[in-house]
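Q: Could you walk me through this structure, starting with its aromatic rings and then moving on to other spots?

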Amino acid sequence: MGAFRWFSLFFFILTCGSAHAERRVALVIGNSAYKNVARLSNPANDAASVAGMFKKAGFESVDVRHDLTVAEMRKALREFGGKAREAEIAVIYYAGHGIELDGTNYLIPIDATLETDSDVLDETLALDRALFAVEPAKQLRLVILDACRDNPFARSMKRTVASRAIGRGLAKIEPTSPNTMIAFAAKAGSTASDGDSKNSPFAASLVERLPTPGLDLRKAFGFVRDDVLKNTGYKQEPYVYGSLGGDDVPLVAAKPIAAPGPQASPQDALRRDYELALQIGTREVWAAFLVQYPDGFYASLAKGQLNRIAAEEARDAAAEKARQAEDEKARLAADRAKKVEQDKAAAAAKAAEDARLAAEKAKQIEEAKAAAAEQRRKEAEAAVAKALSDKQAAEKVLAEKIASDKVAAELAAKQTADKKAQVESEQKVAAIAPTSSGPSLSPRETAKLVQSELRRVGCLSAAADGDWNASSQRSLSAFNKYAGTRFDSNLASFDALDAIKAKPGRVCPLICDRGFRADGDTCVKIACRVGYRVNEDNECEKAQDKKPVAKSDETPRDAERKKVQPTPSKPDPSGQVVCNSAGCRPISKGCRIEYAKVGNGALNNGSTQFEVCN
């Protein structure tokens, strides 16, 4: 039971402190000290464990009562009914004796005698009275009965009517109110076992399963049923009567999701449980740890610890056998036993000593394995802690950068506001003293200052030369467009200069040529991957494969001739043709041929042709 108490404590630590919007109340009754039959050992312990579970699960009111008489039970149920009227969830847990008479179930107080079957109506409380107490609850009504024990009153009770039935265990019941559940420690008509531990198998499983955050009660009681069947060798089967709606109805609401931020490692809880088990160091604790965490690195460590404990136990057993063998040897020697018996005893003692040494060696091996595993665990935890520390340091640097950026932005905003206030102050001074003269700057110097500021805010690309030309006027018009001002673009004024100076950064957008894109205040060339080119929209697109073009067999001489030879004109109706060194062609329309003599003066011998078009 030490492992069970450790596991229960661990589970309660995980579930305690969760906030619930609904009001939950519970009444826990444990009747052990019966006056007329043998005392029950478990109900008092079961009631204390279940009450502790409800308190750590966050119930607003947990009323614990022990060893109640019939009058005290009526009073407790009456007072609890008043609390249930203002609650969403009302739970009654009863541990003690119960009895079934003619199909009706009754709870037995500690002062009942039940000499006859008719005394049941006067000295006990019907189960319907407990259902009546939880009925006002708005969301869930739950009654848990660990009262299916073998009833000693039934064996000694006299029947006033021979046909009256006194059942074994409790009778099946179907609640009439909606959202009501009744849980029996054993199925109707069967009895429950108290077990050999501090708590009954049913109560122990309830304490473990019910407070699971977000777990629907139907599934929780299903897990309780499986646990009890397993722990009792399938002799006791808990049963639940009643029904709930389609929504999950947990006894403890699911934990809220934590806000984003630096989170602890999910292995922290597992590591803490391992260290707690390591401090206790018993076989039961390690077995409970493996039930909770059957796989993973820490499970391997726990198995190593179990092997070490087994080795120690084997060594102790071997040492005990060796001691017994030595005692036997001494006894035989004292009794002057025969040499054969002494030899046998000596051989047994030697074998026992050898076994002890072997067990000692096995223990040392297991301790070495456990020490190595522990060292690996510490190294793994150190690595996890370092990773968490690095993450926190990175988050701190990021937070400091964000804070510094915010301070810089606030400083820039303050400087802008100061400059604006200074400009307004200067304007007010100018308005008060109109006779005061403005800055003694020439128009060209003023234009040069305005051009410089326009270049700074990205509205002018030309040099600041003091020439207020069309390019400068267009740049001031662009500033008016993007800054929302209305300055005269034909004039470089001091008002425009002050307004441009008030802008801390770029005002006009950066416009880049085709094939380039804006990157901050500069244009960078667009680089497309192989097989892609820049399209008309300045985006990369897949290049089209060029169709093959048939190559011409033209020689360089033919190409030169085409350059020199003019485009052939339409044939002249006269049919005349003019020839020269480049070839022959028809004369153009409206032209004629003339000849110039060369040599002996013959007309077509040694003469040159000319085309005349005047």
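**Aromatic pairs and other contacts**

A: The structure holds 10 aromatic pairs, where rings of Phe, Tyr and Trp (its six-membered ring) pair if their centres lie within 6.5 Å, with planes under 30 degrees apart counted as stacked, over 60 as edge-to-face and the rest as tilted. This is a predicted model, in which local features need pLDDT of at least 70 and side-chain atom pairs count only at pLDDT 80 or more, while totals for chains, interfaces and linings use all residues. Residues are numbered from 1 along each chain as its sequence is written, and side-chain values use heavy atoms, with hydrogens and water left out.

Q: What kind of pair do Y34 and F153 form?
A: Y34 and F153 are edge-to-face, at 6.4 Å centre to centre and with 70° between the planes. Their pair links distant parts of the chain, 119 residues apart, with Y34 in the loop between β1 (24–30) and α2 (42–56) and F153 in helix α6 (residues 152–156). Helices (H or I, at least four residues) and strands (E, at least two) are DSSP runs, numbered from the N terminus.

Q: And is Y34 buried or exposed?
A: Y34 is buried, with a relative accessible area of 5%, and F153 counts as buried too, at 1%. Buried means under 20% relative accessible area, exposed over 50%, and partly exposed in between (1.4 Å probe, protein chains only).

Q: What does H97 touch, leaving aside its neighbours within four places in sequence?
A: H97 is in contact (heavy atoms within 4.5 Å) with a set of residues that includes both Y34 and F153, and among the others are V37, L40, D150 and P152. H97 is found in the loop between β3 (89–95) and β4 (98–101), and at 2% relative accessibility H97 counts as buried.

Q: Switching topic, how do helix α3 and helix α5 pack?
A: Helix α3 (residues 70–84) and helix α5 (residues 127–134) pack at an angle of about 25°, with their axes 7 Å apart. Axes are lines fitted to C-alpha atoms, for helices over the stretch in contact, and angles run from 0 to 180 degrees between N-to-C directions. The two helices, α3 and α5, are therefore roughly parallel to each other, since angles under 35 degrees count as roughly parallel, over 145 as roughly antiparallel, 65 to 115 as roughly perpendicular and the rest as oblique.

Q: Which residues meet there, in α3 and α5?
A: On the α3 side they are R74, L77, R78, F80, G81 and A84, and these meet R129, A130, A133 and V134 in α5.

Q: Where is D67, and what is its phi?
A: D67 is found in the loop between β2 (61–66) and α3, and has a positive phi of about 50° although it is not a glycine. As background, most residues other than glycine have a negative phi. D67 is partly exposed, with a relative accessible area of 26%.

Q: What about the phi of D102?
A: D102 also has a positive phi of about 50° without being a glycine. D102 is found in the loop between β4 and β5 (104–107), and at 46% relative accessibility D102 counts as partly exposed.

Q: Last one: where is R376?
A: R376 is found in helix α12 (residues 339–432) and is partly exposed, with a relative accessible area of 46%. The C-alpha atoms of R376 and L301 are separated by 9.4 Å, although these residues are 75 residues apart along the chain.
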